[in-house]
Amino acid sequence: MTTNEIPVKISVKTTINDAAPVELIVFGRYFQKERAAYLQYEEVLEEVGTIRTIVKVSQEEMLILRSGAIKMRLPFRLQQKLPGSYELSLGAFETATLAKKMEFTSQENGSGQIDIIYDFEMQGAPAGTFQLEIHFQPEHSYE
């Protein structure tokens, strides 16, 4: 059972430890399939190229998949340390996430919010506490 895809404007705000947040505004698609909600978008980085991102949200888990110039798989389950991967042209790195907070809200009109706070490890070493805030709204709701 797939609902229609909704074109959305997406704001992605990432804060690492207590540093100034980095914000990205992109356009993408939001849809629901079976028991999960999906956000898909692309970002173009001058240094590396195009990166396609899929955020999957289900009852117990969240998953961020990136492909293209950077390949990444970050799974999240509250209070569980999960293995992931991060791949660049230089090579692949083992990662791990420990989600401390996972919230997802969505409205009938296709707007919503994803909020994840997690500890991140790369190659077994702590890489910081990350907060990822994703807000999305149907494109047509913007002037």
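Rings of Phe, Tyr and Trp (its six-membered ring) pair if their centres lie within 6.5 Å, and a pair counts as stacked when the planes are under 30 degrees apart, as edge-to-face when they are over 60 degrees apart and as tilted for the rest. The legends below describe a predicted model, in which local features need pLDDT of at least 70 and side-chain atom pairs count only at pLDDT 80 or more, whereas totals for chains, interfaces and linings use all residues. Residues are numbered from 1 along each chain as its sequence is written, and side-chain values use heavy atoms, with hydrogens and water left out.

**View 1. A cluster of rings built from Phe76, Tyr118, Phe120 and Phe130.** Ring pairs link these four residues, Phe76, Tyr118, Phe120 and Phe130. By the ring-pair rule, the count comes to 6 aromatic pairs.

**View 2. The stacked pair of Phe31 and Tyr38.** The ring centres of Phe31 and Tyr38 are 5.1 Å apart, with 10 degrees between the planes. Phe31 counts as buried (under 20% relative accessible area, where exposed is over 50% and partly exposed lies in between, with a 1.4 Å probe and protein chains only), because its relative accessibility is 10%. Tyr38 is likewise buried, with a relative accessible area of 17%.

**View 3. The edge-to-face pair of Tyr118 and Phe120.** In this pair, Tyr118 and Phe120 are 6.3 Å apart from centre to centre, and the angle between the planes is 85 degrees. Tyr118 is buried at a relative accessible area of 6%, and Phe120 is buried at 8%.

**View 4. Gln123 in the loop between strand E9 and strand E10.** Strands are DSSP runs of E with at least two residues, helices are runs of H or I with at least four, and both are numbered from the N terminus; the loop that holds Gln123 lies between strand E9 (112-122) and strand E10 (125-138). Leaving aside neighbours within four places in sequence, Gln123 is in contact (heavy atoms within 4.5 Å) with Ala92, Phe93 and Glu94. A polar atom of the Gln123 side chain lies 2.6 Å from the backbone nitrogen of Glu94. By comparison, the C-alpha atoms of Gln123 and Gly49, 74 residues apart along the chain, are separated by 24 Å.

View 5. Along its principal axes, the C-alpha trace of the protein spans about 40 × 35 × 30 Å. Buried residues make up 36% of the 143 residues.

Conventions
Polar contact = N/O pair within 3.5 Å; in protein donor to acceptor, adjacent residues only side chain to side chain.
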